[in-house]
Amino acid sequence: QSRTFAPSTFRPDVDINETDTSYEFRTELPGLDENDIELTLSDSALTLKGEKKFEHDEKKSEVHVSERSYGSFRRSFSLPQEADSENIAAAFDNGVLTVTVPKTKAAQNLAKKITIEKA
């Protein structure tokens with residue numbers, strides 16, 4: 001008797017870091033290349049979408065258990081007002097997508113570190 005196991009849903013996790021000059025979004029997308037990914041900006045929303053296809057050839061083998069994740073995904077993030085949407089950069093290296101969203105010069109100049117002194 002043959003059993004069919006449905007592939008699980010793929011939802012990539014995203015790390016978001018902030019520096020004095022930018023926001024950085026890092027996403028692991030194993031098994032994909034840059035042609036499988038679409039990155040768009042619309043109304044201050046940064047959207048990442050793509051698809052990780054389930055690879056199985058019925059003629060070669062029968063899948064008994066599939067623990068890897070597959071499927072279409074879509075993640076959207078609202079960018080803050082100080083984001084410089086004109087200069088967003090994206091790079092894909094070794095299965096990791098890094099999107100750098102610089103802060104506007106005005107926003108960078110507004111940040112001021114305050115020294116805390118011991119009382």
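**Entry 1: ground rules**

I am working from a predicted model, in which local features need pLDDT of at least 70, side-chain atom pairs count only at pLDDT 80 or more, and totals for chains, interfaces and linings use all residues. I number residues from 1 along each chain as its sequence is written, and side-chain values use heavy atoms, with hydrogens and water left out.

**Entry 2: the chain as a whole**

I looked up the secondary structure and found one helix and eight strands in the protein chain, where helices (H or I, at least four residues) and strands (E, at least two) are DSSP runs numbered from the N terminus. Read along the sequence, the pattern is β-β-β-β-β-β-β-β-α. I then noted that buried residues make up 29% of the 119 residues in the protein chain; I take buried as under 20% relative accessible area, exposed as over 50% and partly exposed as in between, with a 1.4 Å probe and protein chains only. For contacts, meaning heavy atoms within 4.5 Å, I recorded that residues 24 or more positions apart account for 55% of those in the protein chain with a separation of 6 or more.

I traced an open sheet of four strands in the order 2-3-8-7, with antiparallel pairing; two strands pair if DSSP finds at least two bridges between them. Strand 2 (14-18) and strand 7 (89-93) are the edge strands, each pairing on one side only. The twist averages 15° from one strand to the next, with axes taken as lines fitted to C-alpha atoms (for helices over the stretch in contact) and angles running from 0 to 180 degrees between N-to-C directions.

I next followed strand 3 (residues 22-28) and strand 8 (residues 96-102), which run antiparallel and are joined by seven bridges. Within this pair, Y23 of the chain stands opposite V101 in strand 8. S22, also found in strand 3, counts as buried at 13% relative accessibility, and, residues up to four places away in sequence not counted, S22 touches N17, T100, V101, P102 and K103.

**Entry 3: the hairpin and the positive phi values**

I turned to strand 4 and strand 5, which pair in the antiparallel sense over six bridges. I37 stands opposite G50 in strand 5, and T40 stands opposite T47 in strand 5. The two strands form a hairpin with two residues between them, and D43 in the turn has a positive phi of about 50°.

I kept in mind that most residues other than glycine have a negative phi. S44 has a positive phi of about 65° although it is not a glycine; S44 is found in the loop between strand 4 (37-42) and strand 5 (45-52) and is partly exposed, with a relative accessible area of 46%. I also noted N94, whose phi is near 50°, a positive value in a residue other than glycine. N94 lies in the loop between strand 7 and strand 8 and is exposed, with a relative accessible area of 75%.

I looked at F25 in strand 3, which is buried, with a relative accessible area of 7%. Leaving aside neighbours within four places in sequence, F25 is in contact with V14, D15, I16, L46, F77, L79, L97, T98, V99 and V101. F25 and F77 are 52 residues apart in sequence and 9.8 Å apart in space, C-alpha to C-alpha.

I then searched the whole structure for cavities of 30 Å³ or more, and one was found. A cavity here is a set of points, on a 1 Å grid over the protein atoms alone, where a 1.4 Å probe fits but cannot get out, and lining residues have an atom within 4 Å of a point. The largest cavity has a volume of about 70 Å³, volume being the space filled by probe spheres set on the points, with grid points joined across faces, edges and corners. V14, F25, T27, L39, L46, T47, L48, R75, F77, L97 and V99 line the largest cavity. The elements that give two or more residues to this lining are strand 3, strand 5, strand 6 (69-78) and strand 8, and strand 5 gives the most, with three residues. By class, I recorded eight nonpolar, two polar and one charged residues in the lining, where Ala, Val, Leu, Ile, Met, Phe, Trp, Tyr, Cys and Pro count as nonpolar, Asp, Glu, Lys and Arg as charged, and the others, Gly among them, as polar.

How values were computed: 1 Å grid on protein atoms, 1.4 Å probe; cavity = no way out; pocket = protein on both sides within 12 Å on 5 of 7 lines; lining within 4 Å.
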